[in-house]
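User: I have a model open and a few things to ask about it. Can we go through them one at a time?
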Amino acid sequence: MDLAGIIAVQIGYTVASLALISAGLAVIFGMMRVINLAHGEFLMLGAYAVVVSTKAGINFWVSMLVIAPLFVGIVGVIVERFIVRFLYGRMMDTLIATWGLSLLFIGIITTIFGNATESVVSPLGSFEIGEFAESQYRLFIIFLGVLVIGVIFAVLRYSRAGLIARGTMQNADMAAALGISPQRVYTITFGVGAALTGLAGAALAPVSGLLPTMGVTFIAKAFITVIGGGEAIVTGTSSAAALFGTVNQVTTFLTTPVMGDVALLIAAVILLRLLPQGITGRFFRRWL
């Protein structure tokens, strides 16, 4: 029973981590159909924002929950206004531009911090389940993942801003006819997606080593989760994260972490072979 409890916590942590690293991409790609290959570097910038802020004496929670998402959100707005804005509807150009942007971010951070691994000390202790001990910070990640997905759903489903964003993405000309600036909506949406990504990177900083190239570790999993989820942003991301996270963690427990990642990839290939439009392409079609 104790072992089952620990495994449940680890599965919940993996699922929440996938949901967190995919939430910003789900907003940008799911709503705007922009393939952002710099997504992993947005995660990296959020993590380094926490490092710089905490070393400057700022409280960790303020750094993670305020400074990191605000900083990366501003970077996202700048990227949208000066790069992505001119590439809507040009998928290959967007791919090349954001790939080049990711290399630029890696180069800048490497120049500033070098290739040495940075770290942030976990602010919480551990708890015990029988003979097993687990970090309390993993429970916080689970809570944060649920909170982020819940807030995204509430904003898109019940707020005026969410209605405007969804309406603009579906029919920009109609939104413009109603006096709404589609370009402003695009900028804000991209910035919000970047801010969510920065929050994810900051939240995962204490449990992952920080390197300028750390984004490569996350970007594949994020894209797999979003594409596997299908068109429904919240439901798709949540269901795909639950499926892939469970497969990954169970396989990791039975074998090794490397085999866990392999199992996740195999599960994604099988899922997309059986459900080419993702989980919500067949199920939960009318869900958000």
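User: Is Ser17 buried or exposed?
Analyst: This is a predicted model, and in it Ser17 counts as buried, because its relative accessibility is 11% and the cut-off for buried is under 20%.
User: Where does Ser17 sit, and what does Ser17 touch?
Analyst: Ser17 is in helix 1. Leaving out residues up to four places away in sequence, Ser17 touches Ile141 and Leu204.
User: What about Leu139, which element is that in?
Analyst: Leu139 belongs to helix 5, residues 136–158. With 38% relative accessibility, Leu139 counts as partly exposed.
User: Which residues does Leu139 touch?
Analyst: Val9 and Phe127, again not counting residues up to four places away in sequence.
User: Staying with helix 5, at what angle does it pack against helix 6?
Analyst: About 75 degrees, with the axes 5 Å apart; helix 6 covers residues 160–170. Helix 5 and helix 6 are therefore roughly perpendicular to each other, since angles of 65 to 115 degrees count that way.
User: Which residues make that contact between helix 5 and helix 6?
Analyst: From helix 5, Val155, Leu156, Arg157 and Tyr158; from helix 6, Arg160, Gly162, Leu163 and Arg166. By class, the contact of helix 5 with helix 6 has four nonpolar, one polar and three charged residues.
User: Where is Arg33, and what is its relative accessibility?
Analyst: Arg33 is in the loop between helix 1 (2–32) and helix 2. Its relative accessibility is 48%, so Arg33 counts as partly exposed.
User: Then helix 2. How does it pack with helix 9?
Analyst: Helix 2 (residues 39–55) and helix 9 (residues 215–229) meet at an angle of about 130 degrees, and their axes are 8 Å apart. That angle makes helix 2 oblique to helix 9.
User: What is the handedness of the crossing, and which residues are in contact?
Analyst: Helix 2 passes helix 9 in a right-handed crossing. On the helix 2 side the contact has His39, Gly40, Glu41 and Leu43, and on the helix 9 side Gly215, Phe218, Ile219 and Ala222. These residues divide into four nonpolar, three polar and one charged.
User: And helix 10 with helix 11, what angle do they cross at?
Analyst: Roughly 145 degrees, with the axes coming within 7 Å; helix 10 is residues 233–254 and helix 11 is residues 257–274. Helix 10 also passes helix 11 in a right-handed crossing.
User: Which residues of helix 10 and helix 11 meet?
Analyst: Helix 10 supplies Leu243, Phe244, Val247, Asn248, Thr251 and Thr252. Helix 11 supplies Pro257, Met259, Gly260, Asp261, Ala263, Leu264, Ala267, Ala268 and Leu271. The contact of helix 10 with helix 11 has ten nonpolar, four polar and one charged residues.
User: Last one, on confidence. What is the mean pLDDT, and which element has the lowest?
Analyst: The mean pLDDT of the protein is 89, and 99% of its residues reach 70 or more. Among the elements, strand 1 (residues 126–129) has the lowest mean at 75, while helix 3 (residues 60–82) has the highest at 95. Where pLDDT is low, the predicted coordinates should not be read in detail.

How values were computed:
Residues are numbered from 1 along each chain as its sequence is written. This is a predicted model: local features need pLDDT of at least 70, side-chain atom pairs count only at pLDDT 80 or more; totals for chains, interfaces and linings use all residues. Side-chain values use heavy atoms; hydrogens and water are left out. Axes are lines fitted to C-alpha atoms, for helices over the stretch in contact, and angles run from 0 to 180 degrees between N-to-C directions. Helices (H or I, at least four residues) and strands (E, at least two) are DSSP runs, numbered from the N terminus. Angles under 35 degrees count as roughly parallel, over 145 as roughly antiparallel, 65 to 115 as roughly perpendicular and the rest as oblique. A crossing is left-handed if the near helix is turned anticlockwise from the far one by less than a right angle, and right-handed if clockwise. Contact means heavy atoms within 4.5 Å. Ala, Val, Leu, Ile, Met, Phe, Trp, Tyr, Cys and Pro count as nonpolar, Asp, Glu, Lys and Arg as charged, and the others, Gly among them, as polar. pLDDT is the predictor's confidence in each residue, from 0 to 100. Buried means under 20% relative accessible area, exposed over 50%, partly exposed in between (1.4 Å probe, protein chains only).
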